[in-house]
Amino acid sequence: MPLPLHLLSLAVFAMGTSEFMLAGLLPALASDLGVPVGTAGVLTSAFAVGMVAGAPLVAALARDRPRRPSLLVFLLAFAAAHVVGAVTTSFPVMVVVRVVAALANAGFLAVALTAAASMVPPARKGRALAVLLGGTTLATVAGVPGGAVLGTLLGWRATFLAVAVLCVPAALGVLLGVPAGRARADAVAHPSLRAELAQLARGRLVLVMLLTALVNAATFGAFTFLAPVVTGTAGLGTWGISVALVLFGAGSFAGVTAAGRLTDRRPGLVVAVAGPLLLAGWPALALLAGEPAALLPLLFVQGALSFALGSTLITRVLHEAAHAPTMAGSYATASLNVGAAAGPVAAAATLPTPLGDRGPFWTAAVLVAVSLFAASAFREVVAPGAAPAPAGESVHV
């Protein structure tokens, strides 16, 4: 894989740490800002909403600009937002901070996804995306648990500052590793913005985006409220949160790595195997949440299955959006974060019910069940094959 691809992954690591870190900081942050934990969970949804809205908008604005300066602007704006978040005492301001950070993250990821896909031959697109998304899974392995430890020792604000600091070497990596001029795909004529947006009328593309959103909603709905399960239902201490996050993150990395080798050739196999196992795992977690000996291994397994299935579906979004070369990354980002916005809201609604802290796991099971039903009804959207080229339109990916 090209070196610039690994440097983009470093930046994705910093951003992934921020996106997931609230799972380990939510109780302390909620207490400090004077809101219930369920209300503080809105910060995850606010971040996701900013990603959904920002991905297509920012990608459209940046589509005719060289990638390196665009990536740098997004990354520096992301760092600045975290500095503000580290010093604010207002929950409404924190919501705005998360939206602004999400807009910057959305722009970066939309451009990075498209750039990653263009750095390798089409047959290796899945591997390239696995490397890029490896930054996110490494964030769950190292960045998020590290942030939880830092938050325990120095307070949650220190974690926000640490994310801002992480952006500095990431920015240097982009500056030194991404070509200054336009990429090969940018140097030739590409479809008009209207033609790229018209791809959203294709039923296959919309369906695979929906599947991606549902699976990610399940993942974020369960992951966002993991800390109360670990400390309350399972009876583990605050340090148990870091252990749980490390296990979930290690599973995520394993899942993305394994799926990256199969996605290009056998995406249907990944969905057929990982999907039912993921569906079975969420109820198992809900029923066994009070048993640490079962909870912790299951978190590893669910992390692996969630990200194996999710990364495969992201690749299928990019495949179905092949005729939108500058906007495809934004479609993938938007579909991911529709799920990330909806999942925590749906999961939070179960917390005041008799399901309590286990409710988010049951919510995740329902969301995965719906996605598998849709996937089984339309199996062709996860089968390999070339997307039909629009008449009279050339494609450069």
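**Figure 1. Packing of helix α10 against helix α15 in the predicted model.** Helix α10 spans residues 203-224 and helix α15 spans residues 328-348.

**Figure 2. Residues at the contact of α10 with α15.** From α10, the contact is formed by Leu205, Met209, Thr212, Ala213, Asn216, Ala217, Phe220, Gly221 and Thr224. These residues meet Tyr331, Ser335, Leu336, Asn337, Val338, Gly339, Ala340, Gly343, Pro344 and Ala347 of α15. By residue class, eleven of the contact residues are nonpolar and eight are polar, with no charged residue among them.

**Figure 3. The aromatic pair Phe248 and Phe307.** Four aromatic pairs are found in a search of the whole structure. In the pair shown here, the ring centres of Phe248 and Phe307 are 6.4 Å apart. Their planes stand at 80°, an angle over 60 degrees, so the pair is edge-to-face. Phe248 belongs to helix α12 (residues 239-260) and Phe307 to helix α14 (residues 292-320).

**Figure 4. The aromatic pair Trp282 and Phe361.** The ring centres of Trp282 and Phe361 are separated by 6.0 Å. Their planes meet at 15°, which is under 30 degrees, so this pair is stacked. Trp282 is located in helix α13 (residues 267-288), whereas Phe361 is located in helix α16 (residues 359-377). The two residues are 79 residues apart, and their pair likewise links distant parts of the chain. Trp282 and Phe361 are both buried.

**Figure 5. Pro352 in the loop between α15 and α16.** Pro352 has a relative accessible area of 71%. This value is over 50%, so Pro352 counts as exposed. In sequence, Pro352 is 314 residues from Gly38. In space, the C-alpha atoms of Pro352 and Gly38 are 9.0 Å apart.

Notes
Residues numbered from 1 in each chain as written. Predicted model: local features only at pLDDT ≥ 70, side-chain atom pairs only at ≥ 80, totals over all residues. Heavy atoms only, no water. Axes fitted to C-alpha atoms, helices over the stretch in contact; angles between N-to-C directions. Helix = DSSP H or I, 4+ residues; strand = E, 2+ residues; numbered from the N terminus. Contact = heavy atoms within 4.5 Å. Nonpolar A, V, L, I, M, F, W, Y, C, P; charged D, E, K, R; others polar. Phe/Tyr/Trp six-rings, centres within 6.5 Å; stacked < 30°, edge-to-face > 60°. Buried < 20%, exposed > 50% of the residue type's maximum accessible area, 1.4 Å probe, protein only.
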